[in-house]
Amino acid sequence: MRKRIVITGVGAISPVGLAVPESWKNVLAGRSGVRRMTLVDPEEFPSQIAGEVKNFDPLDYLDPKLAKRTDRYTQFAMIASREAFADSGLEGNISPERLGVIVGSGIGGITTLEREHKVAMERGVRRINPFFCPMMISNIAAGRVGIDIGAKGLNFATVTACASSGHAIAIAADMIRLGRADAILAGGSEAPMTLTGVGGFCALKALSTRNDDPETSSRPFDRDRDGFVIAEGGAVVILEDLEHALNRGAEIYAELAGSGMTCDAYHITAPAEGGEGSARAMKLAMEDAGIVPEQVDYINAHGTSTKLNDINETMAIKAALGEEIAKRIMVSSTKSVTGHMLGAAGAIEAIFTSFALRDGIVPPTATLINPDEGCDLDYVPGKARKAELTYALSNSLGFGGHNVTLTLKKYMGE
Amino acid sequence: MSLENRVAEIIIDKLGVKPEQVTPEAQFDTDLGADSIDQYELIMGFEDAFGLRIDEDEATKLTTVGKVVNYLKEKGLD
């Protein structure tokens, strides 16, 4: 029989909170974490707003030597992993060889890359810090988490831009089903607030320029949306074999019932016509979980607040579930308050979706006022809504045409 | 500041060790917990601070705090 996979721990550091409970509270209340950018001087950028992690000092978590030798993106992954691991109660209850780590990032250590590139240009290549490579590479967060937690099982990074941590969770569940681990820390992290990080997305004209009103700048599905808001953070869940979790009496947040992964094979940044690739990912995710569209109650959308994403994702949802069902269910984008955490987005949204199932409350698309033409689903505008939920989908899409959908199920016992 | 103190300051900063650990006899690897990458970074720190270039052959011999101080004194620093 197919193994059942459950979420038994959660951790996140985000623009709306340094830990999961605070982030969930703010997401439900629709309190935006977007402000004027401070980590880089935004003066030259058309987009001057960002979802930065606030009141963050790495020394609150790491000793000075470790703090200096880890990129910000790695620190976020470590902090989220610690929270998730402590939350799971797995310490001492799992053999380290059976505990894995799959933590991705869209970009990796771009802060470190930029700093050392400057050193090389200004002072010569001999002055490049010997820690440069092992700080910058996009798999080092996973490696550091392995060391920090003492997880000696499978360990690698998924790199699919804004779908990175969605893939991490989907693959982790499959790995446990295959028997390659009993539990896996799965998620992602991102720290893109640098000159080239922000400058690059600005050059693509991907970012919102609503600089005079940061808190409503991320407006998924709204007619006045004008791009996504760059954000940072880390999010990690503990996925565990249900049997293993039950044997140790673990608290269970939700069940990861299935996943679907596809590629648009169409364009490097634009979604395929009508969200064709994303629609297939949703269909596969439902099939994998053994459910039909009628059983889906809620979709946590990718919902980036770009012109192209929101309209195509809406079409994709209709294509995957059928127009009538699509209009009946609830769809919301928590990026309306977090901004777009890129490689951490899929995992933090999986956490929010799990909490929605567990608590019976749907987080809102907080900033949505006037739905755009063609955006005609129930996006739960403004306020959170109480509702009994059983199944939910969570979508993540990444540059490269990567699509991943997770099917989450309320945990209702064995 | 004396040469000894300047060297100690760099070591404390790069390795995150306590001042009292930085004795002349202290070995970078066994006593101060520096792995090979830490030691490369330390050598670069000395090069930057004292404006000299330490060849790799020489660098591998600088295994204790005292040896670094003596090396720098031989190079005419004080």
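Helices (H or I, at least four residues) and strands (E, at least two) are DSSP runs, numbered from the N terminus. This is a predicted model, in which local features need pLDDT of at least 70, side-chain atom pairs count only at pLDDT 80 or more, and totals for chains, interfaces and linings use all residues. Residues are numbered from 1 along each chain as its sequence is written, while chains are lettered from A and ligands numbered from 1 in the order in which they are written.

**Exercise 1. Describe the make-up and overall form of chain B.**

Step 1. Chain B has four helices and zero strands, in the order α-α-α-α from the N terminus.

Step 2. The radius of gyration, taken over C-alpha atoms, is set against the globule rule, 2.2 Å times the number of residues to the power 0.38. Chain B has a radius of gyration of 11 Å, close to the 12 Å that the rule gives for 78 residues, so chain B is as compact as a globular protein of that length.

Step 3. Along the principal axes, the C-alpha atoms of chain B fill a box of roughly 30 × 25 × 20 Å.

Step 4. A residue is buried if 20 or more other C-beta atoms, placed from the backbone, lie within 10 Å of its own, exposed if 12 or fewer, and partly exposed in between. In chain B, 24% of the 78 residues count as buried.

**Exercise 2. Work out how α1(B) packs against α4(B).**

Step 1. Axes are lines fitted to C-alpha atoms, for helices over the stretch in contact, and angles run from 0 to 180 degrees between N-to-C directions. The axes of α1 (residues 3-15) and α4 (residues 65-74) of chain B are 10 Å apart, at an angle of about 130°.

Step 2. This makes α1(B) oblique to α4(B), given that angles under 35 degrees count as roughly parallel, over 145 as roughly antiparallel, 65 to 115 as roughly perpendicular and the rest as oblique.

Step 3. Two residues are in contact if their C-beta atoms, placed from the backbone, lie within 7 Å. L3(B), E4(B), V7(B) and I11(B) of α1(B) meet V65(B), V68(B), V69(B), L72(B) and K73(B) of α4(B).

Step 4. By class (Ala, Val, Leu, Ile, Met, Phe, Trp, Tyr, Cys and Pro nonpolar; Asp, Glu, Lys and Arg charged; the others, Gly among them, polar), this contact has seven nonpolar, no polar and two charged residues.

**Exercise 3. Is R53(B) buried or exposed?**

Step 1. R53(B) sits in the loop between α2 (36-50) and α3 (56-61) of chain B.

Step 2. R53(B) has 9 C-beta neighbours inside 10 Å and so counts as exposed.
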